[in-house]
Amino acid sequence: MTENIRLAIQAIYQHRLRSLLTMLGIIVGIASIISIVSIINGNTENMKKQLIGGDTNSMRIEYDARSAFLAGESGRNDRLPDYAPQLSEGELQKLLTIDHAKNVSLFYEANLTVFQRDQQTDTTVLGMDRGFFEILPHTILAGRAMTETELQTQKQVAVITKELAEIFFSYRDPINQLIEINGTPFRIVGVAVSDTEQLSGKCVFIPRGSQSFVEGKLNQRPTVLFQATNADVLESAVVQASHELTKSIPPSDFVFSIRNYDEVQKMTDDINRSNMILLGGIASISLLVGGIGVMNTMLVSVTERTREIGLKKALGAKRKVILQQFLTEAIVLSVIGGLIGIIVGLLISLIALRLLEYPMTISLLSILISVSFSMLIGTIFGYLPAYKASKLKPIEALRYE
Amino acid sequence: MIQLIDVCKTFPQGTSEIHVLKKINLTINAGEFVSIMGRSGSGKSTLMNIIGCLDTPTTGSYLLDGKNTSQMSEDELSEIRNQKIGFVFQNFELLPKLSVLQNAALPLLYAGVNQEERTTRAIHALESVGLRDRIDFRINQLSGGQKQRVAIARALAGEANVILADEPTGSLDTANSHEIMALFTKLNHLGKTVVLITHEQEVADYAKRQIVIKDGEVVEEGTR
């Protein structure tokens, strides 16, 4: 066998140009598989990170009423529970001990009608703390942000978003104006605009402590905003955080789940899968072409070496020996092509992923598949020429000019 | 021992058949030096193919050391050739990609002999044809006479008892021809059966027994 491989390499080396041109089909096929798989995976990872972590590497962990309900926690008249666990500051701080945790923030969110004099509009009201703006940065366009004291106490102050300010105060200065939320007046101290895409539209931010003023109307479900040090570790850290929250709240049937996580996972997986199917089609065509190239070259090689085959048979080589020799040559040819293809593919991947600023996702699996695929091509397309060679009659082959 | 009993060989040609060999009866004992002569088209090549187990008779039987090869499969014939017959061809039929040593060792490779023994036996065979100092040479670095000696060494390496030489001097000049024929004579003295196929009387004269073939039949036989 090693002898066969040595002979095969020798034969391939002897016809360097022809071998290289033959391998080109396989090189291109394998290189495109490797690079496209890497780019698609990189794209998917990138998309997933943007969808789940946005540009702030943060995710929301919500009290999931439905899951809590299914877990046995029922509300009035067998509806979903309309109360939620209270999270203490200590429990919140515990999340910061999770590996790669950078920041956490607890907030309450509700969709309420907000009044300003004779105007009214449906707005998202967020009862938040200091960490919230740290994780989801905002730029203050007018006035100021809420002070530490305001955030820690029950001050009835609010920061509104630019979008809401434009509705209520198209020509006037909103600072120090009052808005009314659920019958409670709040004084506007600033107008802000979100720096990220994770939060947009009409919003009123109030200190988390002031939520008691709007209690009853304000959705009491706490949401934890969790920020990781970087996008790569976000997923694992946030899963850990949600487990931590679920088990830290007695009774344990309160359930915290990661917002959008499953959907994002499923969506990106779907996109990935359909991309891969498309790619698989294209790649198989190019590998088929490459395989035909191998077969063609091997047929030429068999014809060229008819006398050699005849002599070997005359000297006692059995059919199997000849078959193995040519099959080995076809496989070696394909595998060398495959290996060059992998190297080229990896180089293309590295350059493309760097240029596209996608995360590095070079899959070992695609390399393994490529190698076995090129072996398979060699075997399938090399079989016919090898079989032809093995069937040659020694006298006819020796007479061949 | 080579025994041909009523060997006929026909080849189809269009709708008819040509009878290349017509009821050949021939016995060559072990240790003989025989030449088979004939013009081209006389059937001597076909006869050589049958003796060399490269082909089988259409009717009749061919016994090599008592074994009937007529009904053997291709792979069985390969094995017989490998073990019993050493071929020497007019145009040497050496593999240019391989070294002198590798060429000489080729039959041993197909006999399944291990690398070490292959080398030892091939070197020994090359030594007996006077090419001990050329073992690492490439084939194209050798002269015609040397090439034919490599081919003879290859026939010897496999330890075949029958050396079947098809026009072995056809591509050689006179001096080299004599050298090669002297080598065959020496091998015959060492106990090998040598069967020489040729159309040159001068070459045939080296053999102790001469057989002349014409139109597929043995027409003359004589010993020297």
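The model is predicted, so local features need pLDDT of at least 70, side-chain atom pairs count only at pLDDT 80 or more, and totals for chains, interfaces and linings use all residues. Residues are numbered from 1 along each chain as its sequence is written, while chains are lettered from A and ligands numbered from 1 in the order in which they are written.

**Confidence**
- The model comes with ipTM 0.92 and pTM 0.70.
- Chain B has a mean pLDDT of 91, with 100% of its residues at 70 or more; pLDDT is the predictor's confidence in each residue, from 0 to 100.

**Where A meets B**
- On chain A, 14 residues are in contact with 17 residues of chain B (in contact: C-beta atoms, placed from the backbone, lie within 7 Å).
- Helix 1 (2–14), helix 10 (306–314), helix 11 (319–356) and helix 13 (394–399) of chain A each give two or more residues to the side that touches chain B. Helices (H or I, at least four residues) and strands (E, at least two) are DSSP runs, numbered from the N terminus.
- Helix 10 of chain A gives the most to that side, with four residues.
- By type, the side of chain A that touches chain B splits into seven nonpolar, three polar and four charged residues. Here Ala, Val, Leu, Ile, Met, Phe, Trp, Tyr, Cys and Pro count as nonpolar, Asp, Glu, Lys and Arg as charged, and the others, Gly among them, as polar.

**Nonpolar cores**
- The largest nonpolar core has 108 residues, and B:Ala104, B:Ala153 and B:Leu196 touch the most other members. A core is a set of buried Ala, Val, Leu, Ile, Met, Phe, Trp, Tyr and Cys residues joined through C-beta atoms within 7 Å; buried takes 20 or more other C-beta atoms within 10 Å of a residue's own, with C-beta atoms placed from the backbone.
- Helix 11 of chain A gives the most to this core, with ten residues.
- Leaving aside residues up to four places away in sequence, B:Ala153 touches B:Ala104, B:Ala125, B:Leu126, B:Val129 and B:Leu131.

**Strands of chain B**
- An open, antiparallel sheet has four strands in the order 2-1-4-5; strands pair if DSSP finds at least two bridges between them.
- Strand 2 (16–28) and strand 5 (67–68) of chain B are the edges, each pairing on one side only.
- Nine bridges link strand 1 (residues 2–13) and strand 2 of chain B, and B:Lys9 has B:Leu21 as its bridge partner in strand 2.
- Strand 9 (residues 209–214) and strand 10 (residues 217–223) of chain B run antiparallel, joined by six bridges.
- B:Lys214 stands opposite B:Glu217 in strand 10 of chain B, and B:Asp215 in this hairpin takes a positive phi near 50 degrees.

Terms used
Two residues are in contact if their C-beta atoms, placed from the backbone, lie within 7 Å. A residue is buried if 20 or more other C-beta atoms lie within 10 Å of its own, exposed if 12 or fewer, and partly exposed in between; C-beta atoms are placed from the backbone.
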